[in-house]
Structure formats: structure tokens, C-alpha cells
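Reader: Please take me through one part of this model in detail. I would like the paired strands and the aromatic rings around them, with cut-offs given.

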Amino acid sequence: MDDGYRDRTAFIRGAKDIAKEVKRHAGKKMGRGVDKMSDEYTKRSYTRFEEDDDDDYPVQGQDGGYYRSDSRANDDEGAHSDSTEGHDEDDEIYEGEYQGIPRADMGKADGEAGGVVPEGAQFRDFGDLAAERRKDQEELAQQYETILQECGHGRFQWSLYFVLGLALMADGVEIFVVGFVLPSAEKDMCLSEPNKGMLGLIVYLGMMVGAFLWGGLADRIGRRQCLLISLSINSVFAFFSSFVQGYSTFLLCRLLSGVGIGGSIPIVFSYYSEFLAQEKRGEHLSWLCMFWMIGGIYASAMAWAIIPHYGWSFQMGSAYQFHSWRVFVLVCAFPSVAAIAALNTMPESPRFYLENGKHDEAWMILKQVHDTNMRAKGYPERVFSVTTIKTVKPMDELVDMGRDTAWHIRWRAKLTSLFHQVWGNFQACFSPEYRRTTLILMAIWFSMSFSYYGLTVWFPDMIKYLQRQEYSARTKVFIKERVEHVTFNFTLENQVHRNGQYFNDKFMNLKMKSMLFEDSVFEECYFEDITSSNTFFKNCTFISTLFYNTDLFKYRLVNSKLINSTFLHNKEGCILDFSDDNNAYMIYFVSFLGTLAVLPGNIVSALLMDKIGRLRMLAGSSMMSCISCFFLSFGSSESAMIALLCLFGGIIIASWNSLDVLTVELYPSDKRTTAFGFLNALCKLAAVLGISIFTSFVGITKAVPIMFASGALAAGSYLALKLPETRGQVLQ
């Protein structure tokens with residue numbers, strides 16, 4: 001250690017001792033004022049000593065970064081050890097010195113952090129402060145890129161990749177959950193058509209709120225912290241939704257679960273991008289998108305393996321039932337829980353800390369990144385050479401209200417200030433500097449989401465419609481049949497009986513699937529242990545007939561007459577529909593194939609993102625998606641439409657990847673998740689509109705949905721060319 005540093009240390013200790021003596025003799029009455037006066041004395045003494053002895057300051061390199069000078073580089077470890085020797089809590093000089101953290105204010109001129117604030121600085125114009133902050137951000141962006149280059153790309157980034165991938169996977173799972181459980185849940189909860197529609201859309205509404213909320217908060221309180229909170233909310237309410245029985249409580253749980261997972265996409269991409277150097281950013285953000293595909297595959301596979309197993313259930317009386325679809329909902333919460341556990345091992349984004357004036361925390365994290373990567377590459381002896389990193393002073397710090405203020409007033413002031421900060425950040429996205437970019441991105445996000453989600457939800461409904469048409473074509477019709485003294489103990493399926501007469505017949509231990517009896521007479525018949533689905537009796541007459549342990553409720557008897565007929569031990573509640581087992585398998589399989597089909601597109605976009613640029617990737621993929629969407633109108637069979645949908649999904653994924661990368665790179669770090677969250681919220685709103693409009697044309701025409709989707713994609717492709725290219729630029 002050099003003598004100058006020892007002298008400075010001794011001088012500051014002496015200043016501390018004098019301050020403590022002043023405090024001790026001042027007494028309790030003047031304690032608070034003396035504390036402030038003694039702290040100011042120490043601060044001024046330290047500053048004055050620094051002005052006299054600045055020979056050992058770090059020097060700024062030509063690249064804008066701050067590194068240790070040669071005179072102290074070799075003695076760095078020893079210097080930190082000596083500086084902390086003999087310290088206790090009362091004689092602490094600098095908290096970060098224990099961990100070897102260089103001072104954030106070293107090498108700075110007076111008037112910056114750690115120095116005396118120049119007279120009149122508190123009266124500076126807000127515009128001047130904003131301009132100074134902007135200049136600091138530009139300097140930080142350049143230096144931060146240099147530091148990431150020194151840290152390298154290795155084990156740390158790959159570890160974070162898999163951790164954040166789990167969070168993105170949880171988002172992919174959430175999209176599919178309600179769609180897969182709806183056919184079973186609607187029977188289990190006796191849902192009407194309007195209720196079914198609301199249950200299908202509620203997750204998108206929740207994700208819309210969550211994207212805007214968590215995106216705005218992540219720019220103010222941190223990426224990692226917001227992601228942990230949002231994933232925890234998702235996990236808790238996904239777990240509850242598996243057990244609640246009523247429709248209203250299930251709807252509320254799925255809404256809050258969506259609010260939680262809504263923060264996943266905007267935070268994950270922003271968080272990961274701030275650990276990536278510019279030559280790696282486009283490629284590795286595209287690789288990260290693969291986890292959304294993995295989430296869809298996981299949901300499809302679990303639905304295929306669990307939901308059709310109706311025997312995986314139990315019930316406690318007639319009040320509580322737990323069927324297989326609830327097991328599926330529970331299993332779908334696992335990725336979110338795993339992401340929470342893994343995220344606890346990861347640090348906050350150092351770029352976020354630097355944007356908020358937290359130098360020491362950011363330095364420690366960047367050193368961790370550097371050391372982890374160097375050890376993994378076999379260079380443990382390499383030292384992290386950065387000493388001081390440019391920090392940006394926050395413009396809107398909270399005012400300390402003192403300890404005497406009531407806690408609820410302090411919290412109210414903090415929440416009010418936080419709200420104004422988030423709202424101000426959102427308004428800044430529409431400032432003259434970013435307005436054009438924001439409006440173009442809004443149009444592109446809306447057009448792509450409207451087309452993609454509208455088609456992907458409309459398509460399974462079209463498959464179901466085609467299956468119903470084919471099923472109806474095989475319907476057997478029986479007219480004026482007379483059946484006497486016959487026992488039916490086998491499955492009756494897809495039949496129509498008109499003007500029939502049934503005398504002293506027994507219908508026992510059987511399933512009725514898609515059966516219709518019209519204008520028929522049942523006399524002295526016996527129905528026992530009947531499970532029916534899509535079965536109705538219209539304008540029929542029942543004379544001296546007994547119904548025992550059946551689910552033939554009166555709503556299945558349309559305009560029918562009951563003469564001396566009795567219902568005993570009717571099956572209560574809603575009965576699961578067993579008629580669509582094969583259809584369910586087909587829907588899960590189609591979703592599985594459609595999700596798997598994006599794998600080639602993911603790989604191609606990741607490999608070419610940094611080679612051909614984001615704009616060419618976005619515009620080219622959108623136009624190719626428009627063309628493939630147009631060919632969906634020529635699909636006349638299930639297999640042809642499935643193949644065309646897989647082609648569409650494999651092409652459009654490149655557009656999504658490039659749009660995610662562009663959104664991350666077009667906004668500065670202090671507005672990144674706010675802008676991304678807002679655009680993602682708009683994406684979910686477009687999804688709700690697309691699903692509502694497209695599904696209304698099922699069974700009517702294919703031309704209108706395909707025309708809407710193609711037109712929206714073509715418009716998005718054109719607008720993409722109006723954006724600035726971000727390839728090869730430092731992260732703002």
C-alpha cells in the first residue's frame with residue numbers, strides 16, 4: 001500500500017473520532033442537529049483531503065472505461081486487505097471496501113457523487129438536469145458495452161439463460177391452459193356459452209394488466225424483484241385455481257394468475273439483454289424465445305397425458321369434485337415454481353443499478369459475471385480491471401420524511417411517488433424523441449398479435465367443426481320403429497329415432513352419445529344408470545316409466561310429456577362429457593404439432609438475426625407469413641389445414657423473435673420494460689379482439705378470418721421497414 005493512501009485513511013479516522021466526541025458531549029437535546037453537523041464535518045474533511053492528495057486516482061482509458069493505474073494494479077488485493085485491517089463498526093471508512101469495491105466517486109470532479117454539491121445546484125432547471133442525465137446515459141452505454149466485452153460470454157449468461165427460460169416457459173404454458181381444460185371445465189361447472197367465452201378470454205385480460213403493471217414497475221424497483229413477485233402471484237393463484245369449485249372463484253384465480261405471468265415477457269427479455277454484448281444480443285435473445293415454444297409443447301403433452309384420464313379423480317360428497325383436468329392445471333404451475341427457485345440464485349441487472357446511481361452493487365455483479373466466465377474458460381487468474389463505472393443520478397428520488405412521521409403516511413407518500421414515476425416513464429415513451437418509434441411498434445405488435453392469436457384459436461374450432469360435420473354425415477336415422485321387451489345394455493351413439501314406439505324396454509348401464517329421439521312413445525320402460533352426452537328427447541311421451549340413477553334431467557326432455565313417470569336418485573351436478581375423447585386427443589395433438597413446428601423458424605432466426613439484421617428478418621418473415629396464411633383458404637381437409645398451420649407457425653416465429661429484439665434495443669434502459677410492457681399489453685388486447693372476431697366466423701366462412709389475418713400481416717411487414725435498424729449498436 002502507498003503512503004498517501006495510509007495518510008488519507010488515518011486522517012479520515014481522526015475526523016471520525018472528532019465527530020464522535022462532538023456527538024458524545026452534545027447531549028440528547030441537540031443530538032439530531034449535532035449528528036448532521038458531525039457528518040458534514042467528516043464529509044468536508046474527506047473531500048478536502050482528497051483535493052490535496054489525488055495522485056492515486058484511477059485513470060480513464062481511451063475507450064471511455066475506468067481502469068486501475070499501473071502503480072496500484074499489482075498491489076490491489078493487498079491494499080484492500082490493509083485498508084480494512086483493525087476496523088470495527090464505529091471506525092468504518094467505506095462499506096464497500098470490505099469487499100474490495102472501488103469507490104464510485106473516485107476520479108470524479110468536485111460537485112459529483114461524494115463531493116460537495118456546488119452552490120446553486122439545487123436550483124438548476126429541470127431541462128438541464130434531463131440533458132445532463134441523457135449525456136450520462138450515453139457515456140454509460142458506451143462504457144457498459146466495453147465492460148461486457150471484458151466480462152465475456154460464458155457460464156454466467158448460459159445459467160441466466162436457463163433460469164429466465166423457465167419464466168418464459170411459464171408464460172407459454174399459461175396461454176394454453178384454459179383452452180385445454182375448457183371442454184372438461186364447462187361440464188364440471190355447468191358453464192353457459194357466455195361463461196365459456198369469458199373463461200377463454202380472461203387469461204389474456206389478466207396478462208394485459210400484468211404486462212403494463214410489471215413492465216412499469218421493473219424500471220423503478222428492479223427487473224429481478226418484479227419478476228420474482230409476478231411469478232409468485234402466478235404460482236399461488238394457479239395453485240388455488242386447481243382446487244376451487246365455483247365458476248366465479250375459478251375465473252378470479254385465472255385472472256390473477258394471468259396478471260402475475262403478464263410480467264414475464266417484458267421483464268425477461270430486458271433483463272437478459274443487459275447481460276449480453278452487442279455481437280451476441282440478437283442471437284441469444286432469439287435462442288431464449290425457444291422456451292415459449294417449450295412451454296407450449298409441455299402444456300400440450302401434459303394435457304394429452306392427463307386430461308382424458310377421467311379416472312384420476314376423487315370427490316367428497318356432491319360438494320367437492322377433483323377431476324383430471326384439475327391435475328393438469330396443477331402440473332402447469334410447475335415451470336413458474338421452478339423459475340422462482342432458480343431466480344433466487346441470480347443477481348439483479350447491473351445496468352438497472354447503474355441507471356439508478358448504485359455503483360457498488362453493479363460493480364460487484366459485473367465482477368461476479370467476469371470471474372464466473374473466466375473460471376469456466378480456465379483463466380481464474382484474470383482480474384476484473386474495472387475500478388469505476390459511470391452512474392446516472394436519479395432525477396426523482398424520494399424525500400426522507402423522517403422517523404417521526406406515521407408509517408402509513410410514509411408509505412402513502414412512497415406509493416404516490418412511485419405511481420408518478422411509473423406514469424411519467426410511460427408518458428416519456430410518447431415524447432417527441434420516441435413517439436414515432438412507439439406508434440410504429442404499436443401498429444406492428446397489434447397486427448401480428450391480432451393475426452397470430454386469432455388464427456391459432458380459430459383453427460382448433462375449425463377442426464372441431466369439420467369433425468362435427470364428418471360425424472353428422474355418419475348419423476343413422478330410424479323412422480317408425482317398434483321395439484318391445486328388449487334390453488339395451490350397450491352404447492347408443494350418433495343415431496336419430498323418429499316416431500318410434502318402445503314398450504316394456506330396459507335401458508341399463510349404457511352410454512348415450514349424440515342420440516336424438518323425436519315424436520316417440522316410451523311406455524312401461526326402465527332407464528337405469530344412464531350416462532348421456534348431447535342426447536335429447538323432443539316431443540316424446542313417457543307413460544309409467546321409471547328413471548333410476550340417470551343424468552336424463554328435465555332439460556334433456558324438450559316439450560315432452562311425463563304420465564305416471566318417476567325419477568329416483570338422479571345423478572346430481574354436471575357430468576363430464578365422454579363423447580369427445582378422440583376429438584380431445586386430436587386437439588392436443590394438433591396443438592403439439594403446431595408448437596413443435598416453430599422449432600425450425602426459431603433456429604433460423606437465431607442464426608441469422610445478427611447477420612441479416614432485425615428489420616429484414618421482421619419484414620421478410622411477416623410477408624412470408626401473409627402468403628402462407630392466404631393458402632389456408634385452400635385447405636379442405638383436416639390434414640391439409642394442419643400442415644398449412646404448422647407452416648404458418650414456423651414462419652411467423654421469426655417475426656416474433658425479431659420484434660422482441662427490436663423492442664428491447666429501441667428504448668433506453670430506464671424506459672425499456674415500461675415500453676415493452678405497454679406494447680405487450682396492447683398485444684394481449686389485440687389477441688382478445690382477434691379471437692372474438694375470428695371465432696364468430698366458425699362454420700360460416702373461412703375467407704373473412706384469413707383475409708383479416710393476411711391484411712394485418714402485410715401492413716405489419718410494410719411498417720417494419722420504417723423502423724431504425726439496431727444491429728451493431730450498443731444497448732441504450
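Author: What follows starts with the strands, moves to the rings, and ends with a few features elsewhere.

This is a predicted model, in which local features need pLDDT of at least 70, side-chain atom pairs count only at pLDDT 80 or more, and totals for chains, interfaces and linings use all residues. Residues are numbered from 1 along each chain as its sequence is written, and side-chain values use heavy atoms, with hydrogens and water left out.

Begin with strand 8, residues 492-498. Strands here are DSSP runs of E with at least two residues, helices are runs of H or I with at least four, and both are numbered from the N terminus. Strand 8 pairs with strand 5 (residues 476-479) in the parallel sense, over four bridges. Two strands count as paired if DSSP finds at least two bridges between them. Phe478 has His497 of strand 8 as its bridge partner. Strand 8 is also joined to strand 10 by six bridges, and these two run parallel. There, Val496 stands opposite Leu516 of strand 10.

How enclosed is strand 8? Five of its seven residues are buried, so strand 8 is largely enclosed by the rest of the structure. Buried means under 20% relative accessible area, exposed means over 50%, and partly exposed lies in between (1.4 Å probe, protein chains only). Asn494 belongs to this strand. At 9% relative accessibility, Asn494 is buried. Its backbone deserves a check: phi of Asn494 is near 55 degrees, a positive value in a residue other than glycine.

Strand 12 is joined to strand 15 (residues 546-550) by four bridges, and the two run parallel. Glu528 has Tyr548 of strand 15 as its bridge partner. Strand 15 in turn is joined to strand 18 (residues 566-568) by three bridges, again parallel. Tyr548 has Leu568 of strand 18 as its partner.

Ser544 has a positive phi of about 50 degrees although it is not a glycine. With a relative accessible area of 34%, Ser544 is partly exposed.

Next, the rings. A pair of aromatic rings is described by the distance of the centres and the angle of the planes. Rings of Phe, Tyr and Trp (its six-membered ring) pair if their centres lie within 6.5 Å; planes under 30 degrees apart count as stacked, over 60 as edge-to-face and the rest as tilted. The whole structure has 45 aromatic pairs. One of them joins Phe507 and Phe527: the centres are 4.6 Å apart and the planes are at 5 degrees, so the pair is stacked. Phe507 lies in strand 10 (residues 506-518) and Phe527 in strand 12 (residues 526-533), so this pair ties together parts that are 20 residues apart in sequence.

Phe542 and Phe547 pair in another way. Their rings are edge-to-face, 5.5 Å centre to centre with 65 degrees between the planes. Phe542 is buried at 0%. Phe547 is buried at 0% too. Ring pairs link a cluster whose members include Phe507, Phe527, Phe542 and Phe547, along with Phe488, Phe490 and Tyr502. Phe517, Phe522, Phe537 and Phe567 are also in that cluster.

The charged end of Arg351 sits over the ring of Tyr144, 5.1 Å from its centre. Arg382 does likewise over Tyr379, at 4.2 Å. The test is that NZ of Lys or CZ of Arg is within 6 Å of the ring centre and within 35 degrees of the ring normal.

Last, the cysteines. How many disulfides are there? The count comes to zero, where a disulfide is a pair of cysteine sulfur atoms within 2.5 Å. Cys151 is buried, with a relative accessible area of 0%. Cys683 is buried as well, at 1%.
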